[in-house]
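This briefing goes through one protein chain by topic, from overall figures to single residues. Please keep the sequence and the structure at hand while reading.

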Amino acid sequence: MAFMIFVITLLIFAVLLVALTVKTVPQGYQYTIERFGRFTTSLTPGLHFIVPIIDIVGKKINMMEQVLDVPSQEAITRDNAMVTIDGVVFFQILDAAKAAYEVTTLEIAILNLTMTNLRTVIGSMDLDELLSQRNKINVQLLHVVDEATTPWGVKITRIEIRDIQPPDDMLHSMARVMTAERERRAVVTEAEGIREAAIKKAEGQKQAAILEAEGRREAAYRDAEGRERSAEAEAKATQVVSQAIASGDVNAINYFVAQQYMGALKSFAASPNQKLVFMPLESSSVIGALGGIAELAKDAISQNATASAAKRSSVPPSR
C-alpha cells in the first residue's frame, strides 16, 4: 500500500514537473522568464522548455496593436472656451521586457499621459482653430505621447480625436454665424448671377448691332455697285446711239426714242393708279419708233450674213 502511494506521488510530481518545464507561447504574445525574481529572457511564440521551479513565467505581454479609449474630459481653450473632448489611442508594444518592468499598469500610464497632453494642446489653441484643425491636434499629441512612451518599449501608432463638443450657448452662436454666412453667400451668388446675365445681354445686343451695321454697309456697297454698273451701261448705250446719230442713222434715233417711251409706259403701269393710264402720245410716233427698231434688226442681220459669206469665200474648197 505504501508503495502504491509512493508511485502515485511520484507520477503526480512528474506530471507537475513536465507542466512547469514545457511552455507554449501563442502567436502575438511574449512571455518574460524570471529566475529567482530576476528577468532573464523573453519567450517568443512557439514551444519552449525552461528549468522548472528555478525559472518561472513573469509577465504575458500582448505584442499586437491595441486600442485605448480616451474618456470624455473638459478642457479650456486659449480664448477661455470650455469644450468636452474624447478620442482613441492606438499603440503596440515593441519590447516586452521594458513594457513589463519599466512601468506599472502600462495602459493606465498611457491613458493618463494622453489625457494630460490633450489638455495641454487644447489650451494652446483658440476654439475656431480647435474645431477646424483636428488633424493638427492629432499630430501634436502623437509626437508628444510617442516620445514619452518610448522608454516603456511602446510605439504609439495613432491618436485620433473622436469628438469635440463646445458648450450649448457656443453652439447656438456658431449656428447663427453659420446661418448669416450662408445668407451672405446666397446674396453674393444671386448678385453675381444678375451681373453675369446683364453682361451677357449687353454683349448680345452689341453683337446684334454690329452685325446689323455690317449688313447695312454691305447692302449699301452692293447697291452703289449696281448703280455704277447701270450708269456705265447707260453711258455706253448713249455713246453708241450718239455715234449712230453722228453717222446719220435715223433708225437709231427712233430706237432711242422708242426705248424711252417703253420705259415711261412701264412706270405708268407700275404706279398705284395703273388702272387709269393717260396716253398723251401720238400713235404714229410709236409705230415709227418700232419701225426704227425693225430696221436696226434687219441691218444687223444683213451685216452678219455678209460677214459669213465673206468668210466662206476666203476658205479654199476641200478635196
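**Overview**

Of the chain's 319 residues, 23% count as buried, where buried means under 20% relative accessible area, exposed over 50% and partly exposed in between, with a 1.4 Å probe and protein chains only. This is a predicted model, in which local features need pLDDT of at least 70 and side-chain atom pairs count only at pLDDT 80 or more, while totals for chains, interfaces and linings use all residues. Residues are numbered from 1 along each chain as its sequence is written, and side-chain values use heavy atoms, with hydrogens and water left out.

**Whole chain**

- The secondary structure comprises 8 helices and 8 strands; these are DSSP runs numbered from the N terminus, with helices being H or I of at least four residues and strands E of at least two.
- Contacts (heavy atoms within 4.5 Å) between residues at least 6 apart in sequence join residues at least 24 apart in 63% of cases.
- The chain has an accessible surface of about 22,500 Å², and carbon and sulfur atoms account for 61% of that surface; accessible areas come from the Shrake-Rupley method with a 1.4 Å probe, and for residues only the protein chains shown count as cover.

- Strand 7 (residues 82-93) is largely enclosed by the rest of the structure, because 9 of its 12 residues are buried.

**Aromatic rings**

- The chain has 1 aromatic pair, counted when the ring centres of Phe, Tyr or Trp (its six-membered ring) lie within 6.5 Å, with planes under 30 degrees apart called stacked, over 60 edge-to-face and the rest tilted.
- The pair is formed by phenylalanine 39 and tyrosine 101 and is tilted, because the ring centres are 5.5 Å apart and the planes stand at 50°.
- Phenylalanine 39 belongs to strand 3 (residues 38-43) and tyrosine 101 to helix 2 (residues 96-101), so the pair ties together parts 62 residues apart in sequence.
- Arginine 158 lies over the face of phenylalanine 90, 4.2 Å from the ring centre; the rule asks for NZ of Lys or CZ of Arg within 6 Å of the ring centre and within 35 degrees of the ring normal.

**Positive phi in loops**

- Most residues other than glycine have a negative phi.
- Phenylalanine 36 is not a glycine, yet has a positive phi of about 55°; phenylalanine 36 sits in the loop between strand 2 (29-35) and strand 3 and is exposed, at 71% relative accessible area.
- Threonine 105 has a positive phi near 50°, lies in the loop between helix 2 and helix 3 (106-123) and is partly exposed, at 47%.

**Helix 6**

- The 79 residues of helix 6 (residues 168-246) should span 117 Å at 1.5 Å a residue, and the end C-alpha atoms are 116 Å apart, which agrees; the expected span is 1.5 Å times one less than the number of residues.
- Glycine 248, which follows helix 6, has a positive phi near 85°.
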